[in-house]
Amino acid sequence: MTSDAQTEAPRTRAQPMAADDRKAMIVDAVIPLLLEHGRGMTSRQIAEAAGIAEGTIFRAFGDKESLVQAAIEKYLDPEPLREALRSIDPALPLENKVRAILYLLRERFQKVMRLMPVIGPQRPPVPQERGEFARIIARVLEPETRELNWPPERVAHLLRLITFSSAFPALNEGIEFSIDDLARMVLVGIAGTSPHVTFPITPTEASCS
């Protein structure tokens, strides 16, 4: 009679995590700590958050500052914003598209503002393609080109200016503007009216495709 030990399938040892995957995992664990504690976070806090030994941190990044820089670059990576803007359906009504763009841009700037106290006097890395977001937004707004008062790429920069200022805490304390408020400013102005704009527009209606 064959024993259970003989019939059991041999156990396979878990494959070690690839170096790049391990580094990405550590960076993801560090970002919340960076926002909460700044550069003063300890290697022990990092190790506990990532579920690794402290020595693994230094083997992966060499020193804590290199890890901090990697986390800052990951947090400020503009590609997720670009991808979200690309996913907006150009066939949506103009007001829905404007609201979605405003929401995404302000969410981005609010994230950047959260990191500024951590970065301090250091300037955040500037994406090489600073105008890429404007080109993406221009493609989203292209169906309404004839209705716009400026070319779509210029409108994109206007939306950027509005969302940046509305995300700046020192400029908005006690007088915050909602996304609906910003959309009304863009589409109607301070005195004009438009039969095509109805508010409030729900997040679902303004969602990407």
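The model is predicted, so local features need pLDDT of at least 70 and side-chain atom pairs count only at pLDDT 80 or more, while totals for chains, interfaces and linings use all residues. Residues are numbered from 1 along each chain as its sequence is written, and side-chain values use heavy atoms, with hydrogens and water left out. The protein chain has eleven helices and zero strands; both are DSSP runs numbered from the N terminus (helices: H or I, at least four residues; strands: E, at least two).

**Overall picture**

- Of the 209 residues in the protein chain, 37% count as buried (buried is under 20% relative accessible area, exposed is over 50%, and partly exposed lies in between, with a 1.4 Å probe and protein chains only).
- Contacts (heavy atoms within 4.5 Å) with a separation of 6 or more come to 68% from residues 24 or more positions apart.
- The chain exposes about 13,300 Å², and carbon and sulfur atoms supply 54% of that area (Shrake-Rupley method, 1.4 Å probe; for residues, only the protein chains shown count as cover).

**Helix α9 and its buried side**

- Helix α9 has 16 residues and reaches 22 Å from its first C-alpha to its last, close to the 22 Å expected at 1.5 Å a residue (the expected span is 1.5 Å times one less than the number of residues).
- Pro 152, Val 155, Ala 156, Leu 159, Ile 162, Thr 163, Ser 166 and Ala 167 are buried in α9. They cover an arc of only 125° around the axis, which puts them on the same side of α9 (the arc is that of the directions from the helix axis to the C-beta atoms).
- Arg 154 and Leu 161 are exposed on the other side of α9.
- The cover over the buried residues of α9 includes α7 (94-119), α8 (132-141), α10 and α11 (179-187).
- Leu 159 in helix α9 counts as buried because its relative accessibility is 0%.
- Leaving aside residues up to four places away in sequence, Leu 159 touches Val 98, Ile 101, Leu 102, Leu 105, Ile 137 and Val 186.

**Salt bridges**

- The whole structure holds ten salt bridges (a side-chain nitrogen of Lys or Arg within 4 Å of a carboxyl oxygen of Asp or Glu).
- Asp 180 and Arg 99 meet in a salt bridge at 3.0 Å, N to O. Asp 180 lies in helix α11 and Arg 99 in helix α7, so the pair ties together parts that are 81 residues apart in sequence.
- Both partners are buried, Asp 180 with a relative accessible area of 17% and Arg 99 with one of 10%.
- Arg 82 pairs with Glu 79, with the closest N and O atoms 3.7 Å apart. Because they are three residues apart in helix α6 (residues 79-86), about one helical turn separates Arg 82 and Glu 79.
- Arg 139 forms a salt bridge with Glu 132, the closest N and O atoms being 3.9 Å apart. Salt bridges that share partners join Glu 79, Arg 82, Glu 83, Arg 86, Glu 132, Arg 135 and Arg 139 into one network.

**Surface patch**

- Phe 164, Phe 168 and Leu 171 form a nonpolar surface patch with about 270 Å² of accessible area together. Patches are made of residues with over 30% relative accessible area and no salt bridge, like charges being joined within 9 Å and nonpolar side chains (Val, Leu, Ile, Met, Phe, Trp, Tyr) within 5 Å.
- Phe 168 sits in the loop between α9 (152-167) and α10 (169-172), and at 31% relative accessibility Phe 168 counts as partly exposed.
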